[in-house]
Each structure stands twice: as C-alpha cells, then as structure tokens.
Amino acid sequence: MNILISNDDGIYAEGIKVLVDHLQDAHTTYVVAPLEEQSGTGHGITLHQPLRVKEVYRDGQFFGHSVSGKPADTIKVALAHLYDEKKIDFVISGINRGANLGTDLFYSGTFAAASEGTFWKKNAIALSLIVDGDDLYFESAGEFIVEYLKTIEGLNFPLGTLLNINVPNLPMEEIKGIKYTKQSNRKFQEKLIERKDSQGNKYFWLGGHPVKGDHIENSDLDAIENGYISITPVKLNLYDNELEILLTKK
C-alpha cells in the first residue's frame with residue numbers, strides 16, 4: 001500500500017522514524033510532517049503566513065518533507081501538491097509520544113493530521129504510545145501496526161470515520177491483546193502557573209495533569225489501564241440527534 005505518514009511531534013521525532021522503519025519494508029511510505037513540534041495545536045491551519053516545505057534527510061538518506069506549519073497543514077500540502085498524483089491508501093499519524101485518550105482528541109495534533117486525511121476520503125489512523133516512565137516502547141507500537149494493517153488492508157472505512165489507536169508503554173510480549181473501545185471522558189485538571197519576566201510583566205504557563213472522568217464501560221482508558229491496545233473507531237460528524245429532539249420538543 002501507499003501510506004502517507006505525519007505526526008505532531010515533528011519530523012525529527014523518534015516515533016515517526018520508528019513508524020517508517022517498520023512500514024517501509026512492506027509498503028511505500030511518504031513522510032510529510034511538521035518541521036517543529038506541534039503538540040496540542042488541534043486542527044488548526046496556517047492562513048496568514050507562508051508554508052515552507054523542505055526535504056529532510058536522516059542518517060544520510062532522504063526521509064521526507066518538513067512543513068513549517070501545523071499537522072493538518074502537512075496533510076493538505078501532501079495530498080494537494082507533493083503526492084497529489086499518488087494513490088494514497090492510508091494516512092497514519094504517529095507514533096505520538098503520549099496518550100490520545102478521551103478529550104485529548106479535541107486538542108491533539110496527531111489526531112488532527114489523521115482526521116485531515118479522513119476529510120480527503122482516505123483511510124486514516126492516529127497512533128499513539130502511552131508515556132509513563134523513562135523507557136519508551138515505540139517498537140511495540142511499530143510492530144503492532146504492521147500486523148494490524150494486514151487485517152484491514154482492502155477495507156474502505158465509512159465516510160468521515162477513522163481509527164484512534166493507543167498502545168500501552170510495554171514490551172510487545174507484555175501487551176495482553178487489543179480491544180475495540182469507546183472514547184472515554186478522561187479530562188485534565190487545569191493548572192495555570194503565573195510568573196513574571198525580567199521587566200516585571202506577568203506571563204502564564206498552561207499545564208495540568210489528566211484525571212479520570214465519568215466511567216464508561218469498555219473505554220479507551222479502561223483498555224490501556226489493563227494492558228490492552230485500544231482501538232477506537234471515531235466519527236467526525238458532530239451532529240447530535242438527541243439534543244435536536246430535546247430542542248424540538250420545547
């Protein structure tokens with residue numbers, strides 16, 4: 001298959017290199033990724049400044065193209081210009097350094113790159129590795145996606161849908177299996193840190209840490225906490241029938 005690869009950690013991140021290393025033997029890979037880290041930028045696009053595209057080499061070999069923009073920009077540049085004449089079978093964004101669970105999807109640049117691929121009617125996957133400790137098992141996520149693609153090759157996803165996949169930070173032999181899951185309500189405890197610069201002006205750092213939200217049976221968070229790979233089918237249409245019914249009854 002022809003696979004377009006992007007991320008939000010930047011084209012020099014470890015995760016995207018591991019992903020390419022695992023996929024390139026069986027597939028043709030095209031890499032178009034942000035020049036710099038774009039974590040937390042969501043589905044923003046660049047409208048008021050130019051996008052600069054450059055060839056990137058890693059270990060002396062051509063690796064792909066960097067784009068001086070956001071993750072969604074990279075997919076637009078790839079599909080509208082760089083590889084517009086190629087038949088792209090899959091768009092895969094990752095391997096992200098960190099979880100994309102619950103409400104993370106609304107902020108995630110990793111998910112945005114994949115969902116932009118969905119807008120272009122491509123099968124798309126957002127692939128993330130949970131980060132919890134100093135040892136990062138990107139190889140587990142790489143090994144998994146190679147095998148998983150064999151099971152869904154030739155499958156056409158329904159229009160406007162994609163897969164959000166999270167892999168536990170464990171050696172492959174310690175992962176219990178896969179589960180198809182629902183999106184959880186995992187949320188963040190917001191923390192705004194106030195400081196002052198050298199001239200006495202206030203500035204803020206936005207931070208926080210994840211907290212469990214309302215429990216949802218068979219959720220992505222449940223799967224990860226129990227040592228399973230979470231595969232969550234996601235639909236991008238935000239229409240809510242229940243609310244419409246409630247409003248029309250008034």
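Colleague: Where is Leu206 found in this predicted model?

Modeller: Leu206 is found in strand 10, residues 202–211, where helices (H or I, at least four residues) and strands (E, at least two) are DSSP runs numbered from the N terminus. This is a predicted model, in which local features need pLDDT of at least 70 and side-chain atom pairs count only at pLDDT 80 or more, while totals for chains, interfaces and linings use all residues. Residues are numbered from 1 along each chain as its sequence is written, and side-chain values use heavy atoms, with hydrogens and water left out.

Colleague: Why is Leu206 called exposed?

Modeller: Buried means under 20% relative accessible area, exposed means over 50%, and partly exposed is in between (1.4 Å probe, protein chains only). Leu206 has 68% relative accessibility, and therefore counts as exposed.

Colleague: Which residues form a nonpolar patch with Leu206 on the surface?

Modeller: Leu192 and Phe204 form the patch with Leu206, and together the three have about 350 Å² of accessible area, a value from the Shrake-Rupley method with a 1.4 Å probe, where for residues only the protein chains shown count as cover. Patches are made of residues with over 30% relative accessible area and no salt bridge, like charges being joined within 9 Å and nonpolar side chains (Val, Leu, Ile, Met, Phe, Trp, Tyr) within 5 Å. Phe204, also assigned to strand 10, has 44% relative accessibility and so counts as partly exposed.

Colleague: What does Phe204 contact, leaving aside its neighbours within four places in sequence?

Modeller: Phe204 is in contact with Leu192, Ile193 and Glu194, contact meaning heavy atoms within 4.5 Å. The C-alpha atoms of Phe204 and Leu192 are separated by 6.4 Å, although these residues are 12 apart along the chain.

Colleague: What makes Lys202 and Glu194 a salt bridge?

Modeller: A salt bridge is a side-chain nitrogen of Lys or Arg within 4 Å of a carboxyl oxygen of Asp or Glu. For Lys202 and Glu194 the closest N and O atoms are 3.6 Å apart, and the pair therefore meets the criterion. Lys202 is exposed because its relative accessibility is 56%, whereas Glu194 is partly exposed at 44%. Elsewhere, salt bridges that share partners join Lys17, Asp21 and Asp59 into one network.

Colleague: Which parts of the structure does the salt bridge of Lys76 and Glu116 link?

Modeller: The side chains of Lys76 and Glu116 meet in a salt bridge of 3.1 Å, N to O. This pair links distant parts of the chain, with Lys76 in helix 2 (residues 71–82) and Glu116 in helix 3, 40 residues apart. Lys76 is partly exposed because its relative accessible area is 31%, but Glu116, at 3%, counts as buried.

Colleague: Which residues gather in a patch of negative charge on the surface?

Modeller: Glu14, Glu139, Glu143, Glu173 and Glu174 gather there. In this count Lys and Arg are positive and Asp and Glu negative, while His and the chain ends are not counted, and the place of a charge is taken as NZ of Lys, CZ of Arg, CG of Asp or CD of Glu. Glu14 is found in helix 1, residues 14–23, and its 48% relative accessibility makes it partly exposed.

Colleague: Why is Ser219 called buried?

Modeller: Ser219 has a relative accessible area of 2%, and therefore counts as buried. Ser219 lies in the loop between strand 10 and helix 5 (220–225), and touches Thr181, Lys182 and Ser184, not counting residues up to four places away in sequence. Asn218 lies in that loop between strand 10 and helix 5 as well, but its 35% relative accessibility makes it partly exposed.

Colleague: What is the phi of Asn218, and what is that of Lys121?

Modeller: Phi of Asn218 is near 60°, a positive value in a residue other than glycine, and Lys121, also not a glycine, has a positive phi of about 65°. Lys121 has its place in the loop between helix 3 (109–119) and strand 6 (123–129), and is exposed because its relative accessible area is 67%.
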